[in-house]
Amino acid sequence: MNAGIIGIGRYLPEKIMTNLDMEKIVDTSDEWIRTRTGIEERRLAEDNIDTSDMAYFAAQKALEDAGVTAEDLDMIIVATVTPDRPFPSVACMIQERLGAKKACAYDLSAACAGFMYGIINGKQFIENGDYKNVLVVGVEKLSKITDWNDRNTAVLFGDGAGAVVLGPVSENKGILSFELGADGTGAKHLYQDEYIIMNGREVFKFAVRQMGESAVNVIEKAGLSKEDVDFLVPHQANIRIMEAARERLELPIEKMSMTINKYGNTSAASIPISIVEEVENGRIKDGDVVVMVGFGGGLTWGAIAIRWGK
Ligand code: COA
């Protein structure tokens with residue numbers, strides 16, 4: 001039995017904060033942010049919209065797209081480092097709101113790689129035959145833990161949610177291979193105290209190396225070569241990190257998702273938000289080999305090769 005993505009959805013807050021707005025808050029410039037990160041603007045959730053609200057909105061869309069009712073869900077996994085509160089989990093909060101009565105539910109903390117971890121958690125239960133429909137959400141309200149006086153981090157992040165429904169798919173479709181990893185020795189480079197604390201240069205070096213390596217590894221594990229890859233969806237943290245991964249795969253620029261300019265780094269939400277964007281604009285199509293790759297605090301990383309479609 002192969003597990004694959006059978007439905008997708010996302011939620012992006014309406015409020016847009018541009019780089020020019022950023023200039024009014026910290027000592028920065030539109031030019032610096034664009035050239036060093038690729039970000040032009042980001043979305044920020046209103047005060048009355050918390051992480052569970054965004055997760056719920058994205059989940060509803062993914063269920064609708066999959067043609068799966070909430071009652072059909074066996075499991076809900078929410079990847080987030082910005083839950084409404086330590087417990088109950090965001091997963092339990094949306095289980096109640098969706099009415100997914102029979103689903104077990106838990107949150108997973110793997111920072112920006114969380115969505116990759118979530119997909120691979122869910123895949124196991126489907127492929128061993130225990131469960132049929134698993135909802136995986138990547139969601140963050142990073143604006144809650146952003147130090148708006150720290151220009152090193154404040155310019156980078158945004159809020160949002162992306163969700164997928166995983167289910168059994170036909171033999172030649174679905175998840176082909178994966179790699180998950182962690183290196184706790186790098187925890188000191190990116191963590192939350194009250195706010196996000198980051199050693200940008202160290203994270204950058206790690207990310208450039210790891211994104212490329214993991215992407216190549218999943219292609220090899222799937223028995224494919226670089227030429228077989230139709231589309232790359234990297235975690236949207238910095239355009240220069242994404243470019244390094246793309247170059248490693250020798251892919252032309254039009255075969256890589258680039259949504260960071262509009263949404264900034266939405267951590268666990270960035271890959272599913274980008275997937276929705278690319279499916280909607282027709283750049284990810286049925287039968288395509290898609291490589292997703294992410295990295296984040298922990299340090300953590302994860303990559304997945306998938307043949308798109310049911
Ligand atoms: N506006 C203007 N200047 C800024 C700035 C901002 N928003 N943020 C930092 N700077 C300054 C720094 O203070 C530094 O000045 P200094 O040399 O006088 O100390 C200078 O810009 C250059 O810093 P440097 O770290 O070399 O810049 P960079 O080109 O590496 O870009 C990051 C910084 C943060 C964009 C980059 O390191 C990065 O993207 N790292 C990875 C971060 C990441 O992905 N985090 C999320 C993980 S999921």
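This briefing describes the surroundings of a ligand and some backbone features of one protein structure. The model is predicted: local features need pLDDT of at least 70, side-chain atom pairs count only at pLDDT 80 or more, and totals for chains, interfaces and linings use all residues. Residues are numbered from 1 along each chain as its sequence is written, and side-chain values use heavy atoms, with hydrogens and water left out.

**The shell around the ligand**

- The ligand is surrounded by 23 residues, where a residue is near if one of its heavy atoms lies within 4 Å.
- The closest of these residues are T28, R36, C112, R201 and N238.
- By type, the shell holds 10 nonpolar, eight polar and five charged residues; Ala, Val, Leu, Ile, Met, Phe, Trp, Tyr, Cys and Pro count as nonpolar, Asp, Glu, Lys and Arg as charged, and the others, Gly among them, as polar.
- At least two shell residues come from each of α2 (30-37), α6 (151-154), α7 (200-221), α8 (239-248) and β12 (289-296); helices (H or I, at least four residues) and strands (E, at least two) are DSSP runs, numbered from the N terminus.
- The most is given by α7, with four residues.
- Domain 1 (2-169) and domain 2 (174-307) each contribute at least three residues to the shell; the bounds come from an automatic or database domain assignment.

**Polar contacts and cover**

- A polar side-chain atom of R36 lies 2.5 Å from an oxygen atom of the ligand, within the limit for a polar contact (a pair of N or O atoms within 3.5 Å).
- For R201, an N or O atom in the side chain is 2.9 Å from an oxygen atom of the ligand.
- In R151 a polar backbone atom is 3.0 Å from a nitrogen atom of the ligand.
- Of the 960 Å² of accessible area that the ligand has on its own, the protein covers 77% (Shrake-Rupley method, 1.4 Å probe).

**Backbone features**

- Most residues other than glycine have a negative phi, and most peptide bonds are trans.
- F87 and P88 are joined by a cis peptide bond, with omega about 5 degrees; P88 lies in the loop between β4 (75-79) and α4 (90-98).
- G298 and L299 are also joined by a cis peptide bond, with omega about -10 degrees; L299 lies in the loop between β12 and β13 (300-307).
- A111 is not a glycine, yet has a positive phi of about 50 degrees; A111 is in the loop between β5 (104-108) and α5 (114-127).

Conventions
Polar contact = N/O pair within 3.5 Å; in protein donor to acceptor, adjacent residues only side chain to side chain.
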